[in-house]
Amino acid sequence: MMGHLILRVTIKILFAPILLYALYVQFHGDYGPGGGFQAGVILASAFILHALGFGLKRCQRVIPPSWLPVGMALGVLIYAGVGLYTMLLGANFLDYDIIQPDSHHHAGQHIGIIAVELGVGLAVAATMLQIFYAFAGREPEPSDDAW
Amino acid sequence: METIYQTSVSAVLIVEVAILTLLVVCAIAMVRMRQLFGVAMLSGIYSLLSAGFFVTLDAVDVAFTEAAVGAGISTVLILSGIAMTAKREKAVSRRRALLPRVITGVVGASLIYATIDMPHYGDPNSPANAYLGRAYIEATPNDIEVPNLVTAVLASYRGYDTLGETVVVFTAGLACLLLIGSSAVRGGGGDGRDQPEEDEA
């Protein structure tokens, strides 16, 4: 049980920076490379890394498997909801300019992009973790010398 | 006109040749290896090398995705898949391997043939750069005002497409949940909540 000491210490050190980096990629997508999709994958990979090092059970205690389908659906609904919101305001589907019509620097576009990227990030992170849970939860975890 | 996009022998070219050589070596090693754990590791390395190559092509967003998905998540998923099946690939007789080899050879040759018609890298007159690409580059500072063009195209100009992609990701997760999720395996065990908790604190 106490094997992989170096791996576990490394994972513990890296876990928080990976989460922080995912948030950076998520909210900095307007200015640098990245966006919701990459951020979602990075966020999921942090939890997958933890699950690989410390076992699936401990990861599932933080993020129960029942949350993930909700997160997947919620992400898509946030995205589509922004589109419906712009329609309700009287513009086309996903026409963000209507959110802040009087802005001189296209604030509506910025708000809209941040919102849909949030939806993408949530949907992707939940889906990646869901797929990992589905694979890893099937079999009892392989013993350390199984490889 | 010819001299505009002619690349001299530079550091970038050396890096590109090195990465492409490593990609080919990696691919051949993956084909020849029978131990699936090694193949999974090599596919992760292959993805990381591809990500490096995309960076030299100035496609940082694609490189980012390739590194995160290809080298990160896919490798973990392949390893999880190997944990469920055999650790080694069975040898296939030469006669059975003949047809796949012919198909792979024909497809690969036609792909290489197709690259002959492709415009040069960075050609400003290529269809992708001349019309729509130029229109996006010119319009984004006035329409959207975000510095990253890729985000502007993905989330705003092509927001509808990206919604479709998000639905595709959602569908993939849903399919995995239905096919191999815990409720699909253990006779309708819900979402794993009824599993015995061995290490309850």
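How many residues of chain A are in contact with chain B, and how many of chain B with chain A? Hi everyone, that is where I'd like to start today, and please keep in mind that this is a predicted model. The count is 50 residues on chain A and 44 on chain B.

Let's look at the chain A side. Helix H2 (36-54), helix H4 (67-88) and helix H5 (107-136) of chain A are the elements that each give two or more residues to the side touching chain B. H5(A) gives the most, with 17 residues. By residue class, that side of chain A holds 28 nonpolar, 17 polar and five charged residues.

Now over to the partner. Of its 201 residues, 20% count as buried. If you take the contacts in chain B between residues at least 6 apart in sequence, 41% of them join residues at least 24 apart.

Before I stop, two backbone details for you to find on the screen. One is His106(A), in the loop between H4 and H5 of chain A. This residue is not a glycine, yet its phi is positive, near 55 degrees. Is His106(A) buried or exposed? It counts as buried, because it has 21 C-beta neighbours inside 10 Å, and the cut-off for buried is 20 or more.

The other is Glu145(B), in the loop between helix H5 (127-143) and helix H6 (149-157) of chain B. Glu145(B) also is not a glycine and has a positive phi, of about 65 degrees. With 16 other C-beta atoms within 10 Å, Glu145(B) is partly exposed.

Key:
Residues are numbered from 1 along each chain as its sequence is written. Chains are lettered from A and ligands numbered from 1 in the order in which they are written. This is a predicted model: local features need pLDDT of at least 70, side-chain atom pairs count only at pLDDT 80 or more; totals for chains, interfaces and linings use all residues. Two residues are in contact if their C-beta atoms, placed from the backbone, lie within 7 Å. Helices (H or I, at least four residues) and strands (E, at least two) are DSSP runs, numbered from the N terminus. Ala, Val, Leu, Ile, Met, Phe, Trp, Tyr, Cys and Pro count as nonpolar, Asp, Glu, Lys and Arg as charged, and the others, Gly among them, as polar. A residue is buried if 20 or more other C-beta atoms lie within 10 Å of its own, exposed if 12 or fewer, and partly exposed in between; C-beta atoms are placed from the backbone.
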